[in-house]
Amino acid sequence: MNTKLLIFSIISILIIILTIIILLNREKINVKYAIVWIGIFGLLLLLLIVPKLLISITSFLGFTLPSNMIIVLFISILVFLNIIITIIVSNQNRKIRLLIQEISILKKEVIDNEKTNK
Amino acid sequence: MKILLIIPSYNEEKNILKVYKAIENFNKTHIIKYDYIFINDCSTDSSKKIFNRYNLNHIDLINNLGIGGAVQTGYKYAFKNKYDIAVQFDGDNQHNINFVKTIIKPIEEQKYDMVIGSRFKKKKKRYLTTKMRHIGIKIISLFIKLVTSKKIYDPTSGFRAVNKKIIKEFAFKYPVEYPEPVSIVYLLKKGYKINEEPVSMKKRLHGKSSINSWKNYYYMINVILLIIIIGTRRKK
């Protein structure tokens with residue numbers, strides 16, 4: 001690979017990983033989600049630094065070009081992650097709904113009690 | 001028999017008092033009394049003021065949940081307050097209070113667990129809906145028949161009465177997405193008995209119906225997918 005391109009790629013990946021670490025540090029994201037992203041970009045970094053590994057995986061999976069392998073692999077990972085996120089969102093919807101319902105009923109009971117005690 | 005009318009209400013400021021007065025009038029002229037609960041689904045109009053000014057029995061949802069979540073709140077309330085029968089009653093003044101006794105009668109007689117007020121049963125059309133909507137309803141009806149072998153003529157009717165067992169069922173688990181047709185399949189699959197009684201409904205005078213026309217196709221696809229999935233689930 002072209003050296004310039006290699007350096008540019010490595011720097012981009014490092015910036016992404018750093019961003020995730022900063023987000024984690026500021027408690028903007030949960031560690032269990034951050035670790036997935038760090039893992040994915042760590043893997044990409046490893047493949048860039050060790051070209052031999054990249055080439056052997058490419059031929060093992062039957063791809064002609066390493067770039068094709070990377071694209072297919074990462075699209076698959078992103079689709080998978082999106083499905084997981086959909087599951088998480090659906091779960092949170094359910095939990096939020098339960099909270100809204102229970103709090104609203106409780107609020108009504110509290111107001112009713114105040115009225116009868118007056 | 002403790003009977004509760006669950007009235008979900010979203011931006012129905014013009015209809016609230018009409019619905020309330022209909023219930024009041026009914027209770028004054030009949031021996032049997034209906035309790036009611038309005039579920040205010042975080043309306044953005046002056047609904048909340050009206051509920052408070054007239055001191056109507058209501059729950060203000062602290063956030064908007066949509067019709068499914070609002071109705072389930074009503075079932076939770078019914079369950080907590082030990083009601084024997086809960087009736088879903090629309091807040092847009094489309095349902096006629098005089099038909100409540102029609103749909104609760106089979107439940108009082110313990111013949112059925114849920115009774116749906118149907119616009120289409122017994123050929124006579126009692127409420128003119130748009131042609132497209134009627135076709136949509138027929139398709140949903142067909143799919144329900146396919147997976148449960150029970151013919152429900154008006155699966156999208158929001159006018160329905162349920163007994164104590166189903167109040168409990170719904171308080172804990174209610175299909176909040178497309179609840180009207182989906183809950184039918186869910187209950188039939190669990191072995192509950194459902195029937196329809198013919199009723200007539202009024203055309204709405206104020207406010208917008210919750211089903212917009214351009215969303216209808218999306219609605220249909222979602223409902224059919226859910227019916228097939230729930231309908232083909234294995235019994236546990």
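Mentor: Start with the term. A residue is buried when its relative accessible area is under 20%, exposed when it is over 50%, and partly exposed in between, using a 1.4 Å probe and protein chains only. The model is predicted, so local features need pLDDT of at least 70 and side-chain atom pairs pLDDT 80 or more, while totals for chains, interfaces and linings use all residues. Residues count from 1 along each chain as its sequence is written, chains are lettered from A and ligands numbered from 1 in the order written, and side-chain values use heavy atoms, without hydrogens or water.

Now the loop. Look between helix H6 (164-172) and helix H7 (179-189) of chain B, where B:Tyr178 sits. Helices here are DSSP runs of H or I, at least four residues; strands are E runs of at least two; both are numbered from the N terminus. B:Tyr178 is not a glycine, yet its phi is positive, about 50°. B:Tyr178 is buried, with a relative accessible area of 19%.

A:Glu27 is exposed, at a relative accessible area of 72%.

Back to chain B as a whole. It has eight helices and seven strands. Of its 236 residues, 53% are buried. Take contacts (heavy atoms within 4.5 Å). Among those between residues at least 6 apart in sequence, 74% join residues at least 24 apart.
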